[in-house]
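These notebook entries record what I looked up in the structure shown below.

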Amino acid sequence: MVKRQIIFASLKGGVGKSFCTRTFVDLARRSGRTVSAWDLDGGTGSLARRYADRRPEVGVATENVRDDRAPGGWIDALFGAADDVVLDVPGGALGDLLRVLDGGAASLVAQAREADRELVLVSVIGTDPDATETPQEAIERFGPDVHHVVLKNGLFGEREDFVVYDGYTDEVTGVSEYEGVTGQMVRDAGGEVVYLPRLNGRTSALLALKNLTFVEGAEAVSTLGRRHAFNTRAWLGLAVAEFAGTWIATDGATPTPKLSLLKRPKAA
């Protein structure tokens with residue numbers, strides 16, 4: 001089992017990035033992984049609102065990545081004992097994250113390697129064209145020096161509905177409207193695609209209303225009722241299966257060691 005630094009990013013808000021981050025954090029902790037979780041939106045982000053405890057390995061710690069005076073506690077966490085250090089970066093703030101360390105993306109990669117962690121960059125996307133630009137930004141900034149994961153948020157459709165990412169030919173005219181450029185960029189960078197199925201809308205709303213984590217909701221029959229507890233439990237099982245065998249596998253059983261960035265020679 002490897003140690004990871006996992007960055008959840010999006011070019012803009014509204015794609016459910018924090019929802020996806022919380023799904024991973026809850027499931028990784030349930031599997032026995034120690035997760036140091038960080039909301040970098042200054043305590044106002046959606047992730048922070050779901051965890052009252054500000055201890056990063058129990059709930060979620062907060063920092064404002066846009067504030068040059070922020071201490072960078074998440075950097076110290078990289079050299080700690082946590083199996084996974086997870087950063088929920090505000091929409092459009094990937095550049096702010098890179099400015100924390102002089103040297104930008106190269107310094108972030110070097111820091112992860114020094115901490116003996118695999119660096120995983122998760123681009124959360126919806127189905128609209130703007131959201132699909134996130135993986136492009138990630139690859140332009142980092143190139144193949146990180147493990148790129150594109151996470152299709154099922155809130156916006158079925159896995160085949162992400163036509164801007166995958167490419168689309170009009171069924172009536174036969175004209176290709178989207179060439180799947182982003183998808184090809186991700187493949188060329190050695191990236192992978194993961195689909196997070198949609199959680200029942202009413203169940204999701206009740207979990208938020210009761211301020212329950214997903215794992216708590218899966219067992220909260222007395223609070224949510226049997227139907228919604230079961231919905232949560234079944235959905236978590238689907239998420240675990242979708243994440244399995246990828247760089248965001250919730251049990252830490254990541255792909256073969258030959259793909260490890262830590263095995264690559266460091267730049268002189």
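**Entry 1: the cavity**

I noted that the largest cavity holds about 30 Å³ of space. A cavity is a set of points on a 1 Å grid over the protein atoms alone where a 1.4 Å probe fits but cannot get out; the volume is the space filled by probe spheres set on the points, which are joined across faces, edges and corners. I counted one cavity of 30 Å³ or more.

I recorded that the model is predicted, that local features need pLDDT of at least 70 and side-chain atom pairs 80 or more, while totals for chains, interfaces and linings use all residues. Residues are numbered from 1 along each chain as its sequence is written, and side-chain values use heavy atoms, without hydrogens and water.

**Entry 2: its lining**

I listed the lining residues (an atom within 4 Å of a point): Ala-9, Ser-10, Leu-94, Leu-121, Ser-123, Thr-134, Glu-137 and Ala-138. Helix H6, a DSSP run of H or I with at least four residues, gives the most to this lining, with three residues.

**Entry 3: the cores**

I looked up the largest nonpolar core, which has 36 residues. Such a core joins buried (under 20% relative accessible area, 1.4 Å probe, protein chains only) Ala, Val, Leu, Ile, Met, Phe, Trp, Tyr and Cys residues through side-chain atoms within 4.5 Å. Its largest share, five residues, comes from helix H1 (residues 17-30). Apart from this core lies another, of 28 residues, among them Ala-9 and Leu-121; I had already met Ala-9 and Leu-121 in the cavity lining.

Definitions and conventions:
Buried < 20%, exposed > 50% of the residue type's maximum accessible area, 1.4 Å probe, protein only. Helix = DSSP H or I, 4+ residues; strand = E, 2+ residues; numbered from the N terminus. 1 Å grid on protein atoms, 1.4 Å probe; cavity = no way out; pocket = protein on both sides within 12 Å on 5 of 7 lines; lining within 4 Å.
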